[in-house]
Amino acid sequence: MNFEKESSPFDVAALLGGAFPGHTMQRLRTPDGTYRYSYVSAEIEKTFGLNADALMELEAVDHSWIHQEDRARFIAALERSASQLTTLDEEVRVELPEGGFKWVRSIGRPRRQSDGTVIWDGVALDVTDRREALEALHRTLSDARRNEISEGRFALIAANDVLRPLADLKASIDRLQAAAVDASEDVASCVDEVVQHCDHFTRALTASRDLIQAGATEASRQITDHGGKAMSSLTPRQIEIMRLVQGGASNRDIAEALKIREGTVKLHISAILKRTGTRNRTEAARICFG
């Protein structure tokens, strides 16, 4: 059956004057489970690098432009929306032709036709800036949490805890020395006091040592966890590039080794820095490989 656009959805880009990148669409799901697009506004090419005419010509789409880690979730959300006729509202990563990705929020209201076909009138909004701001905030909070239990913070707390018992021990030793010189105090009681304060100091010192060791262990664990998460966010090609970076390869060296353009390497590096939350390639390699 040939589905034509029933009514032109408003062009969100024109409505907002380009202030909020996005595009409008009509998505179809036929009774046999096939998805296709009867309409996609031209803004999709500017925002996500996809050709609107080419999409509308396809008899079926597999949403291959959606990041593989998000694709199954998105299709499951489409199926629920089609079955229950509830609004679709999902955020996924769209992979860009030149490498990297953008975050898109896909919103659509479904309606069922007499033959069982479901049509979504909707929009797709580029929410990359918001997602990256949230990720930056999460990284900042995560760094703050790590700093709270860092080895240096534990060492400072431990040092403060030792100072008081050390001062008490020093004072009791001074009194013992004074008593031994002029016999103004009971030497035996002074010795008992020194022994007591020495015991307190020993316990405080042992506790501080254990605290510092615990801080070092926790800091090491969190660095390892961070590295694992960073690696899991990269594509196989990006991991391959990072291994070359770790070995000291330049962008030109990487391009020659992988038989790709140097500009493509730069795009991959930029995407890697975003995904790992790092500022340069050296820091990214350290986070990924330790």
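This is a predicted model: local features need pLDDT of at least 70, side-chain atom pairs count only at pLDDT 80 or more; totals for chains, interfaces and linings use all residues.

The largest cavity has a volume of about 170 Å³. Its lining comprises 18 residues, and those nearest the centre are His23, Arg27, Tyr37, Trp65 and Ala124.

Several elements contribute to this lining: β1 (22-29), β2 (35-40), α2 (43-48), β3 (88-95) and β4 each supply at least two residues. The greatest contribution to the lining of the largest cavity, 3 residues, is made by β1. In terms of residue class, the lining of the largest cavity consists of 14 nonpolar, 3 polar and 1 charged residues.

## Aromatic pair

The structure holds 3 aromatic pairs. One of them joins Tyr37 and Trp65 in a tilted arrangement, with a distance of 6.3 Å centre to centre and an angle of 50 degrees between the planes. Distant parts of the chain are linked by this pair, since Tyr37 belongs to strand β2 while Trp65 lies in the loop between α3 (52-57) and α4 (68-84), 28 residues apart. Tyr37 and Trp65 are also among the residues that lie nearest the centre of the largest cavity.

## Second largest pocket

The second largest pocket has a volume of about 250 Å³. It is lined by 16 residues, of which Leu96, Gly100, Phe101, Ala271 and Lys274 are the closest to its centre.

Two or more residues of this lining come from each of β4 (101-112), α5 (128-148) and α10 (262-276). The largest share, 5 residues, is provided by α10. The lining of the second largest pocket divides into 5 nonpolar, 4 polar and 7 charged residues. For the largest cavity, the corresponding division is 14 nonpolar, 3 polar and 1 charged.

## Packing of helices α8 and α11

Two packed helices are described by the angle between their axes and the distance between the axes. Helix α8 (residues 236-246) packs with helix α11 (residues 281-289) at an angle of about 105 degrees, and the axes are 9 Å apart. The range from 65 to 115 degrees counts as roughly perpendicular, and α8 and α11 are therefore roughly perpendicular to each other.

On the α8 side, the contact is formed by Ile239, Met242, Arg243, Val245 and Gln246, which meet Arg281, Ala284, Ala285 and Phe289 in α11. The residues of this contact comprise 6 nonpolar, 1 polar and 2 charged.

Conventions. Residues are numbered from 1 along each chain as its sequence is written. Side-chain values use heavy atoms; hydrogens and water are left out. Axes are lines fitted to C-alpha atoms, for helices over the stretch in contact, and angles run from 0 to 180 degrees between N-to-C directions. Helices (H or I, at least four residues) and strands (E, at least two) are DSSP runs, numbered from the N terminus. Angles under 35 degrees count as roughly parallel, over 145 as roughly antiparallel, 65 to 115 as roughly perpendicular and the rest as oblique. Contact means heavy atoms within 4.5 Å. Ala, Val, Leu, Ile, Met, Phe, Trp, Tyr, Cys and Pro count as nonpolar, Asp, Glu, Lys and Arg as charged, and the others, Gly among them, as polar. On a 1 Å grid over the protein atoms alone, a cavity is a set of points where a 1.4 Å probe fits but cannot get out, and a pocket is an open set with protein on both sides within 12 Å along at least five of seven lines; lining residues have an atom within 4 Å of a point. Grid points are joined across faces, edges and corners, and a volume is the space filled by probe spheres set on the points. Rings of Phe, Tyr and Trp (its six-membered ring) pair if their centres lie within 6.5 Å; planes under 30 degrees apart count as stacked, over 60 as edge-to-face and the rest as tilted.
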